[in-house]
Amino acid sequence: MRADQGGGAEKEKPGGEAGGEEPGGRRWIDYPRRGRRGVRRWLPSWRQLLLAAGAGAAVLTGWLTWFYVTTHVPEDLNAFATQQNNVYFWADGTEMARIGETNRQEVPLDQVPESVQWAVLAAENETFYSDPGISFTGIGRAVYQMVSGGETQGGSTITQQYVKNNYLNQRQDFSRKLSEIVIAIKLDRRMGKPDILAGYLNTSWFGRGSYGIERAAAAYYGKDVSQLNPSEGAFLAALLKGAGQFDPGISANNHRRAEERWSWILDRMVKVGRLSAAERARYTVFPEPRTQPKAAGLSGQVGYLVDMARTYVEGHSDITQAQFDLGGHQIFTTFDKPKVNALAAAVRDATKGIDPDSREADRLLKVGAASVAPDGRIVALYGGTDYLKQGFDNANTSTVPVGSAFTPLVYAAGLSEGVQRKRGGSRTPVTPATTYDGDDGVNVMTPEGPYWGRNGRIAKTANDGKRSWGTVTLRSAVEQSVNGPMMQLAMDVGLDRVQKTAADLGLLPGSMGELVPAFGVGNSTPSAIRTADAYAAFAAGGSHTDPYSVLRITRNGEPLGLRLPTAVQALTPQVAGEVDAALKSAVRTGSAKSVAEAGPDLAGKPGTTPDRTAGWFVGYDARMSTAVTVFRADLKDMKLLSLEGLGGAAPDTPDSALPTQIWTSYMKAAGGPGGASGR
């Protein structure tokens with residue numbers, strides 16, 4: 001008799017019905033797999049793998065089908081793209097400038113020369129007339145980027161770009177990319193290729209506020225699109241990759257990139273059979289576009305302010321240049337109109353005696369100035385006589401050495417870091433009472449001995465007027481602008497540590513000078529904005545905030561994200577207090593005493609350079625820090641010229657005299673509670 005017959009209990013089978021068995025012992029899914037041991041029990045069979053893959057494919061196919069069916073081509077083509085003005089506001093909320101008149105004009109495709117059409121197609125999508133509106137390689141890239149955690153990018157057809165520009169946002173995520181693909185396929189079936197190409201050319205952004213190839217032709221070449229030749233068309237096609245990177249009028253690097261891409265596009269036109277080799281040989285010289293005219297509303301200082309605010313928005317938000325040029329933005333700046341006007345008036349008054357027509361020493365004079373609040377707000381700047389006459393911003397240049405106005409930063413580094421006079425030895429604290437040799441022409445020392453320059457000579461200190469001061473304290477050296485001790489202090493602290501302190505106070509790496517003894521007395525070239533911002537930390541107890549020019553931004557009243565700087569403790573309050581005390585004493589009895597009449601509790605420092613190519617005055621009160629610089633330079637090559645004899649002054653007149661005069665006049669006008677703004 002069988003053991004499982006009769007009244008005995010049936011034995012439980014391996015896996016039991018808990019594993020999903022049917023009556024009769026067969027399971028719907030044999031997993032974990034019966035009859036297998038160890039790891040093999042948990043490895044699915046090929047049939048199970050095929051079943052899982054098939055199920056996944058079915059689900060994905062169903063989802064894609066649903067997405068395709070439910071994704072519609074929007075009916076409001078170009079509704080979003082109507083360009084509006086961007087409006088800039090002063091710090092008090094009143095309107096400063098309204099920029100960005102509509103610059104869009106549609107043209108039929110038959111008015112765009114075929115060679116220009118093919119310049120665009122060769123650069124962007126040579127298979128345009130044969131593809132189904134999408135690029136499978138581009139889709140593959142998008143999927144790979146999504147799976148790998150990156151952003152989708154590149155490889156889009158012109159149809160896809162047309163969809164992105166006119167129906168969707170510029171976000172680079174997978175959902176937007178998939179919508180772009182579906183709409184592109186549907187649009188390709190609905191519209192003819194010529195209509196899509198015409199729409200693309202008429203709505204694409206070419207920079208300089210231009211939407212559409214007709215306005216681009218006018219903006220860059222001052223002509224109708226029908227008059228463009230293949231070479232000019234190739235340049236405009238290059239701009240489609242990003243006008244901010246390829247408009248040659250913006251920078252030398254842009255010019256290089258534009259010329260390289262222009263040449264590449266012409267070569268591509270030959271490769272795809274749309275330009276003969278003989279005609280290509282005619283275009284060997286880059287078709288320089290004309291200089292961009294400046295809007296009339298940007299005259300005086302307003303243009304410099306608008307430029308700075310726009311640059312800040314583009315660098316500290318997710319708004320692209322193309323989106324910004326669509327307009328509709330309200331930019332609320334930090335600029336205080338009364339202070340801006342007072343600063344411009346101070347420069348005008350102080351330079352009345354400058355006569356470039358009859359005095360060679362007065363030719364090519366440039367003045368730059370900026371005021372920065374302790375919390376980093378740029379409240380005023382002076383960029384030049386008139387933005388429409390000189391777009392170059394003297395307040396934001398990083399080509400002019402700061403000279404001895406740098407020495408308070410060296411003093412701060414010494415008080416913070418101490419000195420190391422023996423290689424490998426311990427660091428020794430220094431105090432304001434620490435003494436140094438203040439004589440002129442003293443050998444500059446390293447732990448190993450005198451510092452030998454590249455000219456084969458021992459480097460020596462150089463005081464203004466070659467005056468020898470004997471033994472002086474560090475505080476006295478700052479108060480009286482004795483340069484020699486500050487040069488040696490920088491060497492003793494370590495030039496790398498001085499550099500770090502300067503960076504902590506906001507000086508940019510690209511403006512830092514070479515780490516040689518001259519570094520301690522200002523071979524760096526920070527802008528007036530950055531220099532004023534660094535001094536502001538002395539008034540703020542060592543707290544430093546990077547300078548910024550925009551408080552907030554909205555579009556059609558809706559707030560947009562803007563990244564504002566945060567305060568960091570660059571110096572201890574004790575160190576900042578010691579530097580502040582020395583700079584206030586400089587105004588009371590030292591090298592800056594001529595500015596004492598400008599108001600109470602002022603602190604400041606004049607600055608000069610050994611080669612007499614720049615003059616500075618940097619100072620502050622509790623409300624703001626202001627830096628004024630003067631220099632002479634041809635803006636074509638930025639070669640600095642001597643300031644000796646400027647304004648007919650005697651040869652021994654310090655080069656800091658004019659900036660000191662400007663600073664004093666400005667602070668008088670901006671004096672009192674709330675300053676010139678009356679806020």
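Guide: A cavity is a set of points, on a 1 Å grid over the protein atoms alone, where a 1.4 Å probe fits but cannot get out, and its lining residues have an atom within 4 Å of a point. The model here is predicted, so local features need pLDDT of at least 70 and side-chain atom pairs pLDDT 80 or more, while totals for chains, interfaces and linings use all residues. Residues are numbered from 1 along each chain as its sequence is written, and side-chain values use heavy atoms, without hydrogens and water.

Visitor: Which residues line the largest cavity?

Guide: The lining consists of V402, A405, F406, L409, L507, P526, T531, A534 and Y535. Helix α19 (residues 528–539) gives the largest share, three residues. About 50 Å³ of space lies in this cavity, a volume being the space filled by probe spheres set on grid points that are joined across faces, edges and corners. The structure holds one cavity of 30 Å³ or more.

Visitor: How many helices and strands does the protein chain have?

Guide: There are 21 helices and 19 strands.

Visitor: How do you know that the length of helix α12 agrees with its number of residues?

Guide: The expected span is 1.5 Å times one less than the number of residues. For the 14 residues of α12 (residues 302–315) that comes to 20 Å, and the end C-alpha atoms are 20 Å apart, so the two agree.

Visitor: Which residues of α12 are called buried?

Guide: Buried means under 20% relative accessible area, exposed means over 50%, and partly exposed lies in between (1.4 Å probe, protein chains only). In α12 the buried residues are V302, G303, Y304, L305, V306, M308, A309, Y312 and V313. Buried residues make up 50% of the 679 residues in the protein chain.

Visitor: Why does K466 count as exposed?

Guide: K466 has a relative accessibility of 68%, so it counts as exposed. K466 sits in the loop between β10 (449–450) and β11 (471–473). Its phi is near 55°, a positive value in a residue other than glycine.

Visitor: What makes D601 exposed?

Guide: Its relative accessibility is 61%, so D601 counts as exposed. D601 belongs to the loop between α20 (573–589) and β16 (603–608), and has a positive phi of about 55° although it is not a glycine.

Visitor: Why is the pair E124 and R261 called a salt bridge?

Guide: A salt bridge needs a side-chain nitrogen of Lys or Arg within 4 Å of a carboxyl oxygen of Asp or Glu. The side chains of E124 and R261 meet at 3.6 Å, N to O. E124 lies in helix α2 (residues 114–124) and R261 in helix α10 (residues 252–271), so the pair ties together parts that are 137 residues apart in sequence. Both residues are buried.

Visitor: What separates E260 and R256 along helix α10?

Guide: They are four residues apart in that helix, which means about one helical turn. Their salt bridge has its closest N and O atoms 3.9 Å apart. R256 has a relative accessibility of 40% and so counts as partly exposed.

Visitor: Why is D375 called partly exposed?

Guide: The relative accessible area of D375 is 34%, so it is partly exposed. R377, at 23%, is partly exposed too. D375 and R377 form a salt bridge, with the closest N and O atoms 2.9 Å apart.

Visitor: How many salt bridges does the whole structure hold?

Guide: A search finds 28. R612, E644 and D655 are linked in a network of salt bridges.

Terms used. Helix = DSSP H or I, 4+ residues; strand = E, 2+ residues; numbered from the N terminus. 1 Å grid on protein atoms, 1.4 Å probe; cavity = no way out; pocket = protein on both sides within 12 Å on 5 of 7 lines; lining within 4 Å.
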